[in-house]
Amino acid sequence: MEIVRDIVIVLHLISFALLFGAWLVEAIARRVRITRAMHWGLAAALVTGLALAAPWGLGDGELNYMKIGIKLVVLLAIGAVLGIGAARQKRDGAVPPVLFWVAGALTLVNVTIAVLV
Ligand code: HEM
């Protein structure tokens, strides 16, 4: 089971890389927009995160459910921001900059919680 857990952790990290990398590419290019890659990264981070957190043996027995719960709430907040931002982008042709920056900041908050807490 250890190897399965390791593989899911790698997939979880790739999901984070996809979400944050896609956001960073837009930020560096000074394009305030939400892309499909961000949505895919978020969805994959949720699926792999839940797989790691679920009580079916993938956990290492000492899961910090407080930390996982906070990460889940932050991830849902990122989802809300990306969803609202994408809808506004479709409707008005532009994302309110605050939504774009909050999405990146919340992703950084989650990776910081994951590593430091
Ligand atoms: C943008 C969202 C997320 C980011 C950036 C993120 C980032 C990370 C990182 C960097 C690790 C490796 C930490 C380490 O091994 O030291 C990790 C592990 C883990 N993540 Fe996430 N994660 C996110 C969302 C989630 C969600 C939504 C869940 C569950 C509901 C979750 C559950 C876990 C679990 C169970 C582990 C392994 C055990 C642990 O070290 O706590 N993650 N995450």
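**Helix packing and the ligand shell**

In this predicted model, the axes of helix H1 (residues 2-28) and helix H2 (residues 36-53) come within 8 Å and cross at roughly 155°. Axes here are lines fitted to C-alpha atoms, for helices over the stretch in contact, and angles run from 0 to 180 degrees between N-to-C directions. The crossing angle makes H1 roughly antiparallel to H2 (angles over 145 degrees count as roughly antiparallel, under 35 as roughly parallel, 65 to 115 as roughly perpendicular and the rest as oblique). H1 and H2 cross in a left-handed sense, a term used if the near helix is turned anticlockwise from the far one by less than a right angle. On the H1 side, the residues in contact include Val-8, Leu-11, Phe-16, Leu-19 and Trp-23, and H2 contributes, among them, Met-38, Trp-40, Leu-42, Thr-48 and Leu-52. Two residues are in contact if their C-beta atoms, placed from the backbone, lie within 7 Å. By class, the contact of H1 with H2 holds 16 nonpolar, five polar and no charged residues; Ala, Val, Leu, Ile, Met, Phe, Trp, Tyr, Cys and Pro count as nonpolar, Asp, Glu, Lys and Arg as charged, and the others, Gly among them, as polar.

For orientation, residues are numbered from 1 along each chain as its sequence is written. As the model is predicted, local features need pLDDT of at least 70 and side-chain atom pairs count only at pLDDT 80 or more, while totals for chains, interfaces and linings use all residues.

The protein as a whole has four helices and zero strands, where helices (H or I, at least four residues) and strands (E, at least two) are DSSP runs, numbered from the N terminus. The order of elements from the N terminus on is α-α-α-α. Along the principal axes, the C-alpha atoms fill a box of roughly 45 × 25 × 25 Å.

H1 and H4 pack at an angle of about 145°, with their axes 10 Å apart, and their crossing is left-handed. Here Phe-16, Leu-19, Phe-20, Trp-23 and Ala-27 of H1 meet Ala-103, Gly-104, Thr-107 and Val-111 of H4. The axes of H2 and H3, in turn, come within 11 Å and cross at roughly 160°. That makes H2 roughly antiparallel to H3, and H2 passes H3 in a left-handed crossing. Leu-42, Ala-45 and Gly-49 are among the H2 residues in this contact, and Lys-71, Leu-75 and Ile-78 are among those of H3. The contact of H2 with H3 divides into nine nonpolar, three polar and one charged.

Next comes the ligand. Of the 22 residues around the ligand, Phe-16, Gly-49, Leu-52, Asn-110 and Ala-114 come nearest (a residue is near a molecule if its C-beta atom, placed from the backbone, lies within 6 Å of it). H1, H2, helix H3 (65-92) and helix H4 (97-116) each supply at least two residues of this shell, and H2 gives the largest share, six residues. By class, the shell comprises 15 nonpolar, five polar and two charged residues.
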